[in-house]
Amino acid sequence: MTNEQALELASLNLEKFKKRMKIFGTSEDESLTEILAASFLRLDSLINPVKPESDLIFIELVFERSRYSYNDSLEFFETNFQPDILAQSLKYAEVFNDDTP
């Protein structure tokens, strides 16, 4: 995922995130978009989803990471969500056949 793709996904999901966080108004939109974009990039690097824009669990994790970032608790996110991140990354893991002669 490129920075531009992450910013596009962040912009598309900004209103949903604001509603979830009960944030009203537009004064924080730029900052929230950057937080969401960084979360999309980080989780994409960990999970590598095929279609991140339509994977609801992936987006849920992006929102949770963004919430942690917004609340200055980012250092706790990966530890607290490790099982979820692992489950999602295994969902997209490629299976290699090592039974070659």
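## Helices and packing in a predicted model

Leu32 lies in helix 2. Is Leu32 buried or exposed? At 0% relative accessibility, Leu32 counts as buried, because buried means under 20%.

Which residues touch Leu32, once neighbours within four places in sequence are left aside? Leu32 is in contact with Leu14, Phe17, Lys18, Ile23 and Tyr70. Another pairing spans the chain: Leu32 and Arg67 are 35 residues apart along it. Their C-alpha atoms are separated by 9.6 Å.

### The whole chain

The protein chain has 101 residues, and 37% of them count as buried. Its secondary structure comes to five helices and zero strands. From the N terminus on, the order of elements is α-α-α-α-α. Along the principal axes, the C-alpha atoms fill a box of roughly 65 × 25 × 20 Å.

How far along the sequence do contacts reach? Take the contacts between residues at least 6 apart in sequence: 58% of these join residues at least 24 apart.

### Helix 2

Helix 2 covers residues 29-47. It has 19 residues. From its first C-alpha to its last, helix 2 reaches 26 Å. That is close to the 27 Å expected at 1.5 Å a residue.

Which residues of helix 2 are buried? They are Asp29, Leu32, Thr33, Ile35, Leu36, Ala37, Ser39, Phe40, Leu43, Asp44 and Ile47. These buried residues pack against four helices: helix 1 (3-21), helix 3, helix 4 (77-80) and helix 5.

Helix 3 spans residues 56-70, and helix 5 spans residues 82-91. Helix 3 takes part in a crossing with helix 2 and in another with helix 5. The table sets out both.

| Helix pair | Axes come within | Crossing angle | Handedness |
|---|---|---|---|
| Helix 2 and helix 3 | 9 Å | roughly 125° | right-handed |
| Helix 3 and helix 5 | 11 Å | roughly 145° | left-handed |

Take helix 2 and helix 3. Their axes cross at roughly 125°. The two helices are therefore oblique to each other. On the helix 2 side, the contact is made by Leu32, Ile35, Leu36, Ala38, Ser39, Phe40, Arg42, Leu43, Asp44 and Ile47. On the helix 3 side, it is made by Phe58, Ile59, Leu61, Val62, Phe63, Arg65, Ser66, Ser69 and Tyr70. How many residues of this contact fall in each class? The contact of helix 2 with helix 3 has 13 nonpolar, three polar and three charged residues.

Now helix 3 and helix 5. Helix 3 passes helix 5 in a left-handed crossing. Ile57, Phe58 and Leu61 of helix 3 meet Asp84, Ile85 and Gln88 of helix 5. By class, these residues divide into four nonpolar, one polar and one charged.

### Phe58 in both contacts

Phe58 lies in helix 3. It is named in the contact with helix 2, and Phe58 is also named in the contact with helix 5. Is Phe58 buried or exposed? At 0% relative accessibility, Phe58 counts as buried, because the cut-off is under 20%.

What does Phe58 touch beyond its neighbours within four places in sequence? The partners are Phe40, Leu43, Asp44, Ile47, Pro49, Pro52 and Gln88. Among them, Phe40, Leu43, Asp44 and Ile47 belong to helix 2, whereas Gln88 belongs to helix 5. Ala38 is 20 residues from Phe58 in sequence, and the C-alpha atoms of the two are 14 Å apart.

### Two loop residues with positive phi

Asn48 sits in the loop between helix 2 and helix 3. Phi of Asn48 is near 55°, a positive value in a residue other than glycine. With a relative accessible area of 53%, Asn48 is exposed, because exposed means over 50%.

Where is Asp72? It is in the loop between helix 3 and helix 4. Phi of Asp72 is near 55°, again a positive value in a residue other than glycine. Asp72 has a relative accessible area of 66% and is exposed.

Note on methods: Residues numbered from 1 in each chain as written. Predicted model: local features only at pLDDT ≥ 70, side-chain atom pairs only at ≥ 80, totals over all residues. Heavy atoms only, no water. Axes fitted to C-alpha atoms, helices over the stretch in contact; angles between N-to-C directions. Parallel < 35°, antiparallel > 145°, perpendicular 65-115°, else oblique. Left-handed = near helix turned anticlockwise from the far one by under 90°. Contact = heavy atoms within 4.5 Å. Nonpolar A, V, L, I, M, F, W, Y, C, P; charged D, E, K, R; others polar. Expected span 1.5 Å × (residues − 1). Buried < 20%, exposed > 50% of the residue type's maximum accessible area, 1.4 Å probe, protein only.
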